[in-house]
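Visitor: I'm new to this one and would like to learn how to read it. Could you walk me through it?

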Amino acid sequence: MPELVPHSSLGNRSGLKWLEVFMLMRENSVAAKAVVVTAIIGALAGFFFHACVIMSSVAVCNVPCPGFLLFFLLVIGGAAIGPVIIGTTWMNRLKQAMDLPRLNASAERLRRGDTLDVTYTHLFHQQIEVYGLQLTLVLEEVATYTRGTDTVTERHEHVMQTVDLPGRTLWDGETFTGRASFTIPPDAMHTFESKNNKLRWWVKTEIRLSKWPNTFAESYQIVVEAGA
Amino acid sequence: MSQVSFEVDFECHERLLNIPRFAPGSTVHGVYRLTIAKPIRCRSAELRFGWHTEGKGDRDEGIIESRPLSPDALVPGRTLSDRFIFTLPHEPWSYSGHYISIVWSVSVWFDYSLRRDITEHAPFIMAPD
């Protein structure tokens, strides 16, 4: 059974490791918001530090002000340090707790009425209780429009089918496995992509845990073909 | 009063919600009638067969075939009529969702230089059984 590519690993395929981390965090935790907040705080800290240096040097020592290059380095550096620290810490802690889940599927490309069999596997590095695993088949509408100079993207999900699997207690080094079958509805719309409008099919997973990170979610894209 | 009246009679045996339905890959036959009510001073005019999106997102469109109409023939009081035939591709199907709709149509399009273009549609459904 081929392994489906998780949505968060698109960052990995681009070669930008930090993009993968951010996409994982965005899908899974409020830490992504903390990254944004620390970026803002870091930028403000860099700005005020530079402002203090200017004021003190002019008032006391009459030393020429540091240049704008140093100013931007402080602001940008301050904005980057916080997210890097948080992202690295979050990812390292996650890898100590577990591997990233894998989803194998009977096919990546399907048609209406086809059955999609999936197997979810998740290796944990600690004793943990899995409360349950939810797998959801979703058709997502993505609409992009221009409002003045801004580009806005809005999304809407149609939940087609949900499968809830029971959990169990796992020991350190054990793998949690869950299997489910979905049927692409007989009146389903096929995958569609144009510049501003997209219809995408996803299998979404969410596992609930007794320990941090408490829940872990991921999305895996499939293609529903129109067929000849 | 609108500048034009555009009607299409599809040769179709199947209707869905009173709209003609055609299967993907099938051939669409019909007759169009374009009646000019007021003078039209456009740069060009065209009969188009294709799809476009409607809804929240900016408009996307796909033109399968187009047929130019002579602006000189767009005389007030005159009705242009002709048969048409074109073959549908296999996708995209017609769709009506929360944010996005995909609409197939036969349409007439007038290109103006100093004002907004005018388009009149005669929609149909393209979907499998």
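Predicted model: local features only at pLDDT ≥ 70, side-chain atom pairs only at ≥ 80, totals over all residues.

Visitor: Which elements give two or more residues to the side of chain A that touches chain B?

Guide: Those are strands E4 (128–147), E5 (150–166) and E9 (197–209) of chain A. E4(A) gives the most, with seven residues. By type, that side of chain A splits into 10 nonpolar, 10 polar and six charged residues.

Visitor: How many salt bridges are there between chain A and chain B?

Guide: The count is one. Look for Lys56(B) and Glu154(A), whose closest N and O atoms are 3.6 Å apart; the cut-off for a salt bridge is 4 Å.

Visitor: And how much area is buried between chain A and chain B?

Guide: About 1,900 Å², with carbon and sulfur atoms giving 60% of it. In terms of residues, 26 of chain A are in contact with 20 of chain B.

Visitor: What about the nonpolar core?

Guide: In soluble globular proteins, nonpolar side chains tend to be buried together. Here the largest nonpolar core has 77 residues, and Phe10(B), Leu34(B), Val106(B) and Phe110(B) have the most contacts inside it. E4(A) gives the most to this core, with seven residues.

Visitor: Which residues does Phe110(B) touch, leaving out those up to four places away in sequence?

Guide: Among them are Val4(B), Leu34(B), Ile40(B), Leu74(B) and Ile118(B). Asp117(B) and Ser44(B) are also touched by Phe110(B).

Note on methods. Residues numbered from 1 in each chain as written. Chains lettered and ligands numbered in written order. Heavy atoms only, no water. Contact = heavy atoms within 4.5 Å. Buried area = accessible area lost by both parts, 1.4 Å probe. Salt bridge = Lys/Arg side-chain N within 4 Å of Asp/Glu carboxyl O. Helix = DSSP H or I, 4+ residues; strand = E, 2+ residues; numbered from the N terminus. Nonpolar A, V, L, I, M, F, W, Y, C, P; charged D, E, K, R; others polar. Core = buried A, V, L, I, M, F, W, Y, C linked by side-chain atoms within 4.5 Å. Buried < 20%, exposed > 50% of the residue type's maximum accessible area, 1.4 Å probe, protein only.
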